[in-house]
Amino acid sequence: MTKLSRILAAAVVAALPASAMAAGGGESHIEDVAFSFEGPMGAYDQAQLQRGLQVFNEVCAACHGMKFVSFRSLGEESGPGYDEEQVKALAALYEVADEEGEPGDLRPAEPTDKFPENTSMNAPDLSLMAKARAGFHGPAGLGINQLLNGTGGPEYIYSLLTGYTGEEKTQAGTILYGNHTFPGGWISMTPPLSDDLIEYADGTPATAEQMAEDVSAFLMWAAEPKMHDRKAAGIRNFLYIALLAVLLYLTNKKLWASVKKKKAA
Ligand code: HEC
């Protein structure tokens with residue numbers, strides 16, 4: 001094999017589906033989901049983000065907060081893309097502390113507020129969860145899979161939500177639920193999704209898998225709203241460097257052309 005073909009072969013091995021690698025490696029089972037935002041040109045799917053927000057609002061928010069995400073950001077074009085009135089209405093679904101009232105007073109949230117914190121059930125905040133968890137653990141191959149598909153945070157969340165085994169046990173007074181994905185295999189979160197739990201505003205059938213995928217995509221956006229801009233800048237820089245390399249090569253050739261000709265003679 002030439003050196004180049006060896007490098008290419010290594011790249012192909014590294015790009016094999018992560019699920020195949022995960023199955024051999026760790027205890028936790030990660031499904032590979034083909035999200036729209038994967039790859040160097042990937043972008044969020046606005047309709048999916050809107051559905052994911054609906055799942056968060058109607059299901060997850062009962063126990064989880066999202067205290068680093070502002071309602072205003074729901075209007076971002078590269079995000080859920082709601083208009084001003086819709087953002088106002090979505091904010092008003094939540095209540096936040098009223099600084100002007102008595103301590104403990106609440107008022108409806110406004111676009112400038114952030115989603116409230118929620119500590120009632122001891123559930124972790126979901127603002128950054130998609131980046132705090134990884135589905136594709138390195139080092140695996142050359143890391144090309146991580147480069148192309150991300151580190152698998154949304155895949156982890158999807159797999160967690162769809163990975164319940166149906167078993168239950170009580171430990172020190174807490175009910176634990178068997179889960180293929182959660183490290184250790186037992187989680188204290190009740191299985192939050194079931195088919196047709198909600199009715200999607202856009203009419204998409206709300207299967208448990210569909211809701212899991214949508215809310216995972218939404219949480220990825222929440223954790224990294226500027227992913228598309230970052231990728232676009234990366235591609236611009238790459239093209240710029242590639243062009244520069246070609247120009248340098250041609251300049252080099254031209255500069256040395258007369259010397260090389262003399263040598264050959
Ligand atoms: C009834 C309350 C409840 C609901 C509803 C709920 N969760 Fe949870 N969730 C929890 C609790 C409690 C934990 C902590 C579990 C543990 O550490 O054993 C948790 C943990 C998590 C974790 C972190 C797992 C980890 O790796 O540490 C994620 C991700 C998560 N939930 C996502 C969701 C999503 C998405 C939804 C909505 C579809 C949701 N949860 C709905 C209670 C809930």
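His64 counts as buried, with 11% relative accessibility (buried means under 20% relative accessible area, exposed over 50%, partly exposed in between, using a 1.4 Å probe and protein chains only). Met189, at 23%, counts as partly exposed. This is a predicted model, where local features need pLDDT of at least 70, side-chain atom pairs count only at pLDDT 80 or more, and totals for chains, interfaces and linings use all residues. Residues are numbered from 1 along each chain as its sequence is written, and side-chain values use heavy atoms, with hydrogens and water left out.

**The iron site**
- His64 (NE2) and Met189 (SD) are the protein donors of the ligand's iron atom, 2.0 Å from it (donors are N, O and S atoms within 2.8 Å of the metal, or 3.2 Å for Na, K and Ca; water is not among the atoms, so sites may look incomplete).
- His64 sits in the loop between helix H3 (46-58) and helix H4 (84-91), and Met189 in the loop between strand S5 (186-187) and helix H8 (208-223), so the two tie together parts 125 residues apart in sequence (helices, H or I, are DSSP runs of at least four residues and strands, E, of at least two, numbered from the N terminus).

**Around Leu74**
- Setting aside residues up to four places away in sequence, Leu74 touches several residues, including Leu53, Pro80, Phe115 and Trp221 (contact means heavy atoms within 4.5 Å).

**The core**
- Val55, Phe56, Leu74 and Phe115 have the most contacts inside the largest nonpolar core, which has 52 residues (a nonpolar core is a set of buried Ala, Val, Leu, Ile, Met, Phe, Trp, Tyr and Cys residues joined through side-chain atoms within 4.5 Å).
- H8 supplies the largest share of this core, 11 residues.
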